Amino acid sequence: MTDSIPALQAWYGGTFDPIHYGHLRAVEALAREVKLAQVTMLPNNVPPHRPQPGASSLQRKAMVELAIAGNPLFRLDIRELQRATPSWTSETMAQLRREAGPDAPLAFIIGQDSLLTLRTWHNYEALLACCHLLVCRRPGYPVAMKTDEDQRWLAPRLARHADELHRQPAGKIYLADTPLYPISATDIRARLAQQQPCDDLLPPTVLAYIHRHALYRQP
């Protein structure tokens, strides 16, 4: 790496309600493919496009901390948890861009499901002006966009090789060939509500925390 090009920095946002192996293992595979030295977990407080999480901000922060403890790939950024307003990704990445400067390569990690609806996101063009998008595959979602217009929009923005992400600060969308992990937080919450086992779905420290604090149980 030359002195003039900083390392590619990546953030991974979500409610993490709860964080599970589908999150962690997909990002670990992505990091190997794209050559990321570190990924910053970015839990949000008020998601703009979905119901408020079942666990509190502090509980979800604690679960992320437990899940990534001892893994040097991950670190935690709690700036969105400290907001009372909706967590618009474009605004968060604009703030991170100001902090990093104009030349640092920055990226935000999303799933294929999010890419399919990206053009409905708040200020999505401004988001791409701030960072690259790294897209992990998701079970049950197609690899093509929903409409021909969306596909035409996507085509010139695609990065054909991961090296492109390291050479420019923003603007590219990379479709990663990550494994499919058929795990969802919705399914985990449903299983926990029915007192079904989830040992193979999330880290044991996170599961122990959930049981200790009686999270996701039926009222």
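Modeller: Before we start, a residue is called buried here when its relative accessible area is under 20% and exposed when that area is over 50%, with partly exposed in between. Please keep in mind that this is a predicted model.

Colleague: Okay, cysteines then. Is cysteine 136 buried or exposed?

Modeller: Cysteine 136 has 5% relative accessibility, so it counts as buried.

Colleague: And how many disulfides does the whole structure have?

Modeller: The search of the whole structure comes back with 0 disulfides. Cysteine 131 is in none, and the nearest cysteine sulfur to it, that of cysteine 130, is 6.4 Å away. Cysteine 136 is likewise in no disulfide, with the sulfur of cysteine 131 being the nearest at 14 Å.

Colleague: Why does cysteine 131 count as buried?

Modeller: Because its relative accessible area is 0%, cysteine 131 is classed as buried.

Colleague: Switching to rings: how many aromatic pairs turn up?

Modeller: There are 2 aromatic pairs in the whole structure. Tyrosine 12 and phenylalanine 16 are both buried. Tyrosine 124 and tryptophan 153 form an edge-to-face pair as well, at 5.7 Å centre to centre and with 70° between the planes.

Colleague: Where do tyrosine 124 and tryptophan 153 sit in the chain?

Modeller: That pair links distant parts of the chain, since tyrosine 124 belongs to helix α5 (residues 124-130) and tryptophan 153 to helix α6 (residues 148-154), 29 residues apart. Tyrosine 124 counts as buried because its relative accessibility is 16%, and tryptophan 153 is buried too, with a relative accessible area of 7%.

Colleague: What lies over the face of tyrosine 21?

Modeller: That is arginine 25, placed at 3.8 Å from the ring centre of tyrosine 21.

Colleague: Now the sheet. What is the strand order?

Modeller: The open sheet is formed by 6 strands in the order β3-β2-β1-β4-β5-β6, and the pairing is parallel. β3 (74-76) and β6 (173-175) are the edge strands, each of them pairing on one side only. On average, and with direction ignored, neighbouring strands of this sheet are turned by 30° against each other.

Colleague: Which residues stand opposite alanine 10?

Modeller: On the β2 side, alanine 10 stands opposite valine 39, and in β4 its counterpart is alanine 107. Strand β1 (residues 9-14) is joined to strand β2 (residues 39-43) by 5 bridges, the two running parallel, while β1 and strand β4 (residues 106-111) pair in the parallel sense over 4 bridges.

Colleague: Which strands does helix α2 touch?

Modeller: Helix α2 (residues 57-68) packs on the sheet and touches β2 and β3, and its direction makes about 160° with that of β3.

Colleague: Last one: where is proline 105, and which residues does it touch?

Modeller: Proline 105 lies in the loop between α3 (89-100) and β4, and it is buried, with a relative accessible area of 1%. Leaving aside residues up to four places away in sequence, proline 105 touches Pro6, Ala7, Leu8 and Gln9, together with Leu165, His166, Gln168 and Pro169. Proline 105 and histidine 132 are 27 residues apart in sequence, while their C-alpha atoms are 7.8 Å apart in space.

How values were computed:
Residues are numbered from 1 along each chain as its sequence is written. This is a predicted model: local features need pLDDT of at least 70, side-chain atom pairs count only at pLDDT 80 or more; totals for chains, interfaces and linings use all residues. Side-chain values use heavy atoms; hydrogens and water are left out. Rings of Phe, Tyr and Trp (its six-membered ring) pair if their centres lie within 6.5 Å; planes under 30 degrees apart count as stacked, over 60 as edge-to-face and the rest as tilted. Buried means under 20% relative accessible area, exposed over 50%, partly exposed in between (1.4 Å probe, protein chains only). A charge sits over a ring if NZ of Lys or CZ of Arg is within 6 Å of the ring centre and within 35 degrees of the ring normal. A disulfide is a pair of cysteine sulfur atoms within 2.5 Å. Two strands pair if DSSP finds at least two bridges between them. Axes are lines fitted to C-alpha atoms, for helices over the stretch in contact, and angles run from 0 to 180 degrees between N-to-C directions. Contact means heavy atoms within 4.5 Å.
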